[in-house]
Amino acid sequence: MEKAIIYQIFTRLFGNTNTTRKHNGTLTDNGCGKLNAFTPAVLRRIKELGATHVWYTGVIRHATTTDYTRYGIPRQHPAVVKGNAGSPYAITDYYDIDPDLATNVEKRMNEFESLVKRTHKAGLKMIIDFVPNHVARQYKSTAKPKGIADFGENDNTGMQFSPQNNFYYCPEQSFAADIDLYHGEELPYEEFPAKATGNDCFGNRPGRNDWYETVKLNYGVDYCDAGGVSTHFSPTPDTWKKMLDILLFWAGKGIDAFRCDMAEMVPSAFWQWVTTEVRKKHHNVKFIGEVYNPGRYREYINAGFDYLYDKVGMYDSLRDVVCGHRSATDITRQWQTNDDIADHMLYFLENHDEQRIASDFFAGDARKGIPALMTSALMRTNPFMLYAGQEYGERGMDEEGFSGRDGRTTIFDYWSVDSLIHGYSSRRQLTKEEKSIEATYKKVLNIATSENAVTEGKSFDLMYVNPTSADFNADRQYVFLRSNEDDLMIVLANFSDESSDCKVNIPQHAFNYLNLKKGIMEGTDLLNGEKITITLSDTDPLNLSVEAWSGRVIKISKRIKQ
């Protein structure tokens, strides 16, 4: 059984070794990573880290201020592009590869297809984004297959809503967003009639904090019905059909999974239909949903999603535990909340939307995230995701341009990242701390994917029998068991900035549930290789020392020592 470890890569940044880093720099100034940077050696290093999947973020053509008209690619008005590089979630052509990523722009699809082959040859599965809720304001496909109409091509623009329209309109009103509609151009950006904006802003005047660079897609939901929100799913809306064609196009190129952006802003009825249709031709394709409302998790799993972000739950909890704002006992509450759908929850500590662990806005030190890494990667059989640079302690404290100094790595600007340059292009530049963080991530992630007790074993949370005492700090320490038929694993994570000598109780119920034997056992700490002899008992606690911001992962054979 495979436990998925997803390595998210912001493709534009990953292979860029240009260190000019001009504020608000252009492509010419600051450079851009290319698909060809993912050589067999780079992919092998990612695989050796412990990854099973690579999510290449931002590979589909999206809005940018860079001029590619000489290649037949329509130019975007800069007023409706965020940053010079543009948001990867403002798609301008669902059937095209972003030209920034190509060594030879005219051969960009060939370069992408070669990347798919290299990724698979490296033993990794490939994920790309599917952005179903919105498109760029100036969407125009130049790469769509023959016989497929463009979005909005056949819309009745005089209707605010029609089930067969692809967009929502503001009839007789011009687009008048609260932004500079000129943005350095001689002529302003014009749109008539105005279309609804991606974050469900159905008027013609989105604010500067709205997703003003995007247009909301119409799935047959009338949000402006006088009687309330109404749905019109029969006959099948045109947008549904267009999106199915897009998914089948990319699945046909060997894509193993789709990370579906803002999935909960698209009706679950569509997902039920489209995941079923895709799997008729591509049986093993997975769908990963960005869903933030825990109350709708089960709705979207039932609609066909394999995995959902556990953001408003496990991520928020672990972040607060790391920062000392919640007790480690809250971790128990979080997994119990979703225990019936545990295998479908995707755990993570960083992604392109969230602040870096080492940033001043989160923990300020990558080492403080190690106990959260151990907990989220080893506690369950469900997948874990990390963001490229996380394994080197990337701080995300640059002020790149459109993206300010906010603890995140920019998704809007042409930029490069030192930690990724050190880790994948110039290993000699790795600092001692970067090497240490990488080594720990590599150990933990490989334990997660190679140890049967983790990939297929049962979990047993020990916190209920280990309340805060003189010998155990339940606010800053978290302990659990993993077990399959052959092995037992004891995982102790220490979120404290102090080392500790802990006494860990194991109840009789754990012995019964995991089919454990009592007695003297030989074990090995998989993090440091230390051999350890312990006595498993329901009356005498285990004595385990643990360093600050670290933990123990002790593997024990279930055989009693003779």
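Which residues does Gly198 touch, not counting residues up to four places away in sequence? They are Asn133, His134, Trp211, Thr214, Val215, Lys216 and Met265, where a contact means heavy atoms within 4.5 Å. Before going further, a word on what you're looking at: this is a predicted model, in which local features need pLDDT of at least 70 and side-chain atom pairs count only at pLDDT 80 or more, while totals for chains, interfaces and linings use all residues. Residues are numbered from 1 along each chain as its sequence is written, and side-chain values use heavy atoms, with hydrogens and water left out.

Back to Gly198. You'll find Gly198 in the loop between strand E8 (194–195) and strand E9 (214–216); helices (H or I, at least four residues) and strands (E, at least two) are DSSP runs, numbered from the N terminus. Gly198 is buried, with a relative accessible area of 0%. Here buried means under 20% relative accessible area, exposed means over 50%, and partly exposed is in between (1.4 Å probe, protein chains only).

Now for the inside. In soluble globular proteins, nonpolar side chains tend to be buried together. A nonpolar core is a set of buried Ala, Val, Leu, Ile, Met, Phe, Trp, Tyr and Cys residues joined through side-chain atoms within 4.5 Å. The largest one here has 160 residues, and Tyr7, Ile46, Phe112, Phe258 and Trp271 have the most contacts inside it. Helix H5 (residues 238–251) gives the largest share of this core, seven residues.

If a disulfide is a pair of cysteine sulfur atoms within 2.5 Å, the count comes to zero. Cys224, for one, is in no disulfide, and the nearest cysteine sulfur, that of Cys170, is 8.2 Å away. Cys224 is partly exposed, at 33% relative accessible area, whereas Cys260 counts as buried, at 0%.

Next, have a look at helix H8 (residues 311–322). H8 is mostly covered, with nine of its twelve residues buried; Met314, Tyr315 and Leu318 are among them. The cover over its buried residues includes helix H7 (297–302), strand E14 (307–309), helix H9 (329–337), strand E15 (345–348) and helix H10 (370–378). After H8 comes Gly324, whose phi is positive, near 80°.

Finally, the pockets. On a 1 Å grid over the protein atoms alone, a pocket is an open set of points with protein on both sides within 12 Å along at least five of seven lines, and lining residues have an atom within 4 Å of a point. Grid points are joined across faces, edges and corners, and a volume is the space filled by probe spheres set on the points. The largest pocket has a volume of about 510 Å³. Of its 25 lining residues, Tyr89, Trp211, Asp353, Ile411 and Phe412 are the closest to its centre. The second largest pocket has a volume of about 380 Å³. Of the 17 residues that line that second pocket, Thr440, Leu527, Glu547, Ser550 and Gly551 are the closest to its centre. Helix H12 (432–450) and strand E24 (550–557) are the elements that give two or more residues to this lining, and H12 gives the most, with five residues.

Notes:
On a 1 Å grid over the protein atoms alone, a cavity is a set of points where a 1.4 Å probe fits but cannot get out, and a pocket is an open set with protein on both sides within 12 Å along at least five of seven lines; lining residues have an atom within 4 Å of a point.
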